[in-house]
2 protein chains.
Amino acid sequence: MTADDAIKDDAMTVVALAGGVGGAKLADGLARLLGARLTVVVNTGDDFEHLGLHISPDLDTVMYTLAGIANPHTGWGIAGETWNFMGEIARLGGPAWFRLGDRDLATHAVRTGRLRAGETLTAVTAALCRALDIAPALVPMSDDPVRTMIRTKSGELPFQHYFVRLACAVPVTGIRYDGAEAAVLNPALAQARPVAIVICPSNPYLSIDPILGVPGMRAWMTAQRVPVVAVSPIVGGAAIKGPAAKIMGELGVPVTAAAVARHYAGVIDGIVIDAADAGLAAEIEAAGIAVKIAPAVMRAAADRVSLARACLAFAGELAEDRGR
Amino acid sequence: MTADDAIKDDAMTVVALAGGVGGAKLADGLARLLGARLTVVVNTGDDFEHLGLHISPDLDTVMYTLAGIANPHTGWGIAGETWNFMGEIARLGGPAWFRLGDRDLATHAVRTGRLRAGETLTAVTAALCRALDIAPALVPMSDDPVRTMIRTKSGELPFQHYFVRLACAVPVTGIRYDGAEAAVLNPALAQARPVAIVICPSNPYLSIDPILGVPGMRAWMTAQRVPVVAVSPIVGGAAIKGPAAKIMGELGVPVTAAAVARHYAGVIDGIVIDAADAGLAAEIEAAGIAVKIAPAVMRAAADRVSLARACLAFAGELAEDRGR
């Protein structure tokens, strides 16, 4: 399979695993190539209830990005947002640490209303995606609650309290995915027959590990017998966005694309790294993981498509290698 | 007791019963005279859950009115409101029949968040009122759910579906207050020792009857042994606002201030009616209910205070009559 094969063949589907901003950008690149043949499995470990609303930050970031309405300045929320709700929250003495835009709120309210009426998060997400004309399938990793808990020296914090309220200022000593053992993998995956699986450049600990931690997810990936390709979110020893580098440092892991590759050992067949990290290729390959060099920093929309194409091409090459 | 006695004596408190717009206006007039010595018992029969949010329309109308931020054009919501949330709800295919402004939403979100955290509606309301610098005590009639259900020929409708979604277009054949039997009267009333009780000019069926229907409310009123004075929401054979006249007609009740007085027979000692209805005084007095003629249509803020003063004066006169 070449990249163009995957892109042209109507039956060829791809599954991507994604968290927030970086993952959403690559998912968008893949979506522009594959349309409805893309399924994005999205982290829900950072979901939480706030002001009575069920908020799914990663689902929203991917959804808004694929709908072309993401706020490019914040990395979350909707472009052209207004803040009158937050102004009133401040007046009422409500919690102002998690910023909710007036438009963004509609997503949370519709989701919460439908969840309370008994729908699954998968069904609600599908309805929201239909309304936003999103062709790919966006599926939460599970319809059951999994909640990422951040361990610190002074105790455990719910993810959003660590991530937003404390702005990641507290050193992380460990991470736990509460509810993961009991969570049921999204049943939509049982129908998916991908020709490749792409792990997007999301935070390995905060975004991808919760997905991989849902019982049956790793087994499902293995059972597909297709190349699994990751994109390193660490480029040149730093995270492109977010606290990945900071957390890796705090957990005593080298802040390199090679460490990301090793983190995914046993899960991925290959990793895409930026030319800035070409010097790490030998180290990664020594761990039995194939390497593809490609521009991994997505600034413009074209970069997303290029990186998506590189991922598909890489998966195609790995599939051919297997076929030999 | 004269009106001025009640207004000047710091220990003299008044309890008012109120629903939406008309009730909120008189409550505001009373609040301007009495400040913290006023307790407003507010109907929660039209509370409902919408988009996952707990919405208390009458509590909000009274609260916004007393805070001086009520939207004068709509009769609900906050002045200077914006509608970006509703725009996005429409895009997402969410329910658009109940209009929620961006600022107004903050009230619902704070309330819902605190209710879900285990606080009572009374406690949440008190916190919101503190944030809005409201001196009087606003107390929901009960912390337990009572839901006004509208009976029609084609079945029963939850109140907001009748009132907002169908704009009261369906004829009413009966009204039921679901949960009323099991509701516990707001415990704050046990401490209240009012010198007068005022039934504000709210809809007798939709706003006041749910309050009177909470077990113990009528007994509490009787036990106070103080004048109970109502203000007729029907003036000149029409409702000042809302569907009161329409519903009275549909229920086969004459649309007159006299019918309102008879509706409250056994509960009130006197009723304030507008000069337009002076011809009904004899009919009302024949039913054993005292009558006071006063301008009952509140257009400006000064009208609210005048009517409030008339109510207190009337209660004072009735108390003196009793004393004789």
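What percentage of the 324 residues in chain A do buried residues make up? The share is 54%, where a residue is buried if 20 or more other C-beta atoms, placed from the backbone, lie within 10 Å of its own, exposed if 12 or fewer do, and partly exposed in between. This is a predicted model, in which local features need pLDDT of at least 70 and side-chain atom pairs count only at pLDDT 80 or more, whereas totals for chains, interfaces and linings use all residues. Residues are numbered from 1 along each chain as its sequence is written, and chains are lettered from A and ligands numbered from 1 in the order in which they are written.

**Overall form of chain A**

- Taken along the principal axes, the box filled by the C-alpha atoms of chain A is roughly 65 × 45 × 40 Å.
- Of the contacts in chain A between residues at least 6 apart in sequence, 68% join residues at least 24 apart, a contact being two residues whose C-beta atoms, placed from the backbone, lie within 7 Å.
- Helix H9 of chain A (residues 204-212) is mostly covered, with eight of its nine residues buried; among them are Pro204(A), Tyr205(A), Leu206(A) and Ile208(A).

**Where chain A meets chain B**

- In chain A, 25 residues are in contact with 25 residues of chain B.
- On the side of chain A that touches chain B, helix H4 (84-91), helix H5 (104-116) and helix H6 (121-131) of chain A each supply at least two residues, and H5(A) gives the most, with eight.
- The residues on that side of chain A divide into eleven nonpolar, nine polar and five charged, where Ala, Val, Leu, Ile, Met, Phe, Trp, Tyr, Cys and Pro count as nonpolar, Asp, Glu, Lys and Arg as charged, and the others, Gly among them, as polar.

**The three-stranded sheet in chain A**

- An open sheet of three strands in chain A has the order S7-S6-S8 with antiparallel pairing, two strands being paired if DSSP finds at least two bridges between them.
- Its edge strands, each pairing on one side only, are S7 (155-158) and S8 (174-178) of chain A.
- Neighbouring strands of this sheet are turned by 30° against each other on average, direction ignored; the axes are lines fitted to C-alpha atoms, for helices over the stretch in contact, and angles run from 0 to 180 degrees between N-to-C directions.
- Strand S6 of chain A (residues 147-152) pairs with S7(A) in the antiparallel sense over four bridges, and Arg151(A) has Glu156(A) in S7(A) as its bridge partner.

**Strands of chain B**

- Six of the six residues of strand S9 of chain B (residues 194-199) are buried, so this strand is largely enclosed by the rest of the structure.
- S9(B) pairs in the parallel sense with strand S1 of chain B (residues 13-18) over five bridges, with Leu17(B) opposite Ile199(B).
- S9(B) is also joined by three bridges to strand S10 of chain B (residues 228-231), and these strands run parallel, with Val198(B) opposite Val229(B).
- Elsewhere in chain B, five bridges join strand S6 (residues 147-152) to S8(B), which run antiparallel, and Arg151(B) stands opposite Gly174(B).
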